[in-house]
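Take a moment to look at the fold before reading on.

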Amino acid sequence: MQSYLSCKTWCGFCKSVKKLFSELNVSYKVIELDEEKVICMDLIGDGGEIQSTLKEWTGQSIVPNVFIGGKHIGGSDAIMEKHRAGKLVPLLTEAGAIANAYAQL
């Protein structure tokens with residue numbers, strides 16, 4: 001799995017990115033930070049601890065916090081902007097998160 005979203009179940013911006021990824025048939029893992037026990041990449045703990053660690057790594061304290069191909073991409077605005085610019089599908093394809101990019105065009 002090459003795409004990760006750290007989210008909160010109630011977040012509208014998170015829901016928008018999840019919806020877009022589902023529409024694009026992206027293979028991704030969601031880490032819901034507001035659940036009791038969170039496993040995120042190599043971290044296990046409560047969502048607050050994970051979110052704090054992600055902030056240290058990325059400088060981003062908001063959700064969604066999106067990683068594609070092991071690289072931090074940003075939040076909802078960054079994902080939507082890449083999609084509008086035609087850069088998201090190639091990025092996801094290169095990361096192996098979309099099997100057939102031609103099906104997405």
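The paragraphs below go from the whole chain to the sheet, then to the helices and a few side chains.

This is a predicted model, in which local features need pLDDT of at least 70 and side-chain atom pairs count only at pLDDT 80 or more, while totals for chains, interfaces and linings use all residues. Residues are numbered from 1 along each chain as its sequence is written, and side-chain values use heavy atoms, with hydrogens and water left out.

Start with the whole protein chain. It holds four helices and six strands. Helices (H or I, at least four residues) and strands (E, at least two) are DSSP runs, numbered from the N terminus. Their order from that end is β-α-β-β-β-α-β-β-α-α. The protein chain has 105 residues, and 42% of them are buried. Buried means under 20% relative accessible area, exposed over 50%, and partly exposed in between (1.4 Å probe, protein chains only).

Now find the sheet. Strands of a sheet pair through backbone hydrogen bonds, either parallel or antiparallel. Here four strands form an open sheet in the order β2-β1-β5-β6, with mixed pairing. Two strands pair if DSSP finds at least two bridges between them. β2 (29-32) and β6 (71-74) are the edge strands; each has a single partner strand, so one side of each has no neighbour in the sheet. On average, neighbouring strands are turned by 25° against each other, direction ignored. Strand β1 (residues 3-7) pairs with β2 in the parallel sense, over four bridges. Ser6 has Ile31 of β2 as its bridge partner.

Next come the helices. Helix α2 (residues 47-58) packs on the sheet and touches β1, β5 (65-68) and β6. Its direction makes about 60° with that of β5. Helix α3 (residues 76-84) lies across β5 and β6, at about 90° to β6. Axes are lines fitted to C-alpha atoms, for helices over the stretch in contact, and angles run from 0 to 180 degrees between N-to-C directions. Contact means heavy atoms within 4.5 Å.

Look at Lys18 in helix α1 (residues 12-23). Is Lys18 buried or exposed? Its relative accessibility is 17%, so Lys18 counts as buried. Leaving out residues up to four places away in sequence, Lys18 touches Leu5, Cys7, Tyr28, Val30 and Glu32.

Finally, the rings. The structure holds one aromatic pair. The rings of Phe21 and Tyr28 have centres 5.4 Å apart and planes at 80°, so this pair is edge-to-face. Rings of Phe, Tyr and Trp (its six-membered ring) pair if their centres lie within 6.5 Å; planes under 30 degrees apart count as stacked, over 60 as edge-to-face and the rest as tilted. Phe21 has 0% relative accessibility, so Phe21 counts as buried.
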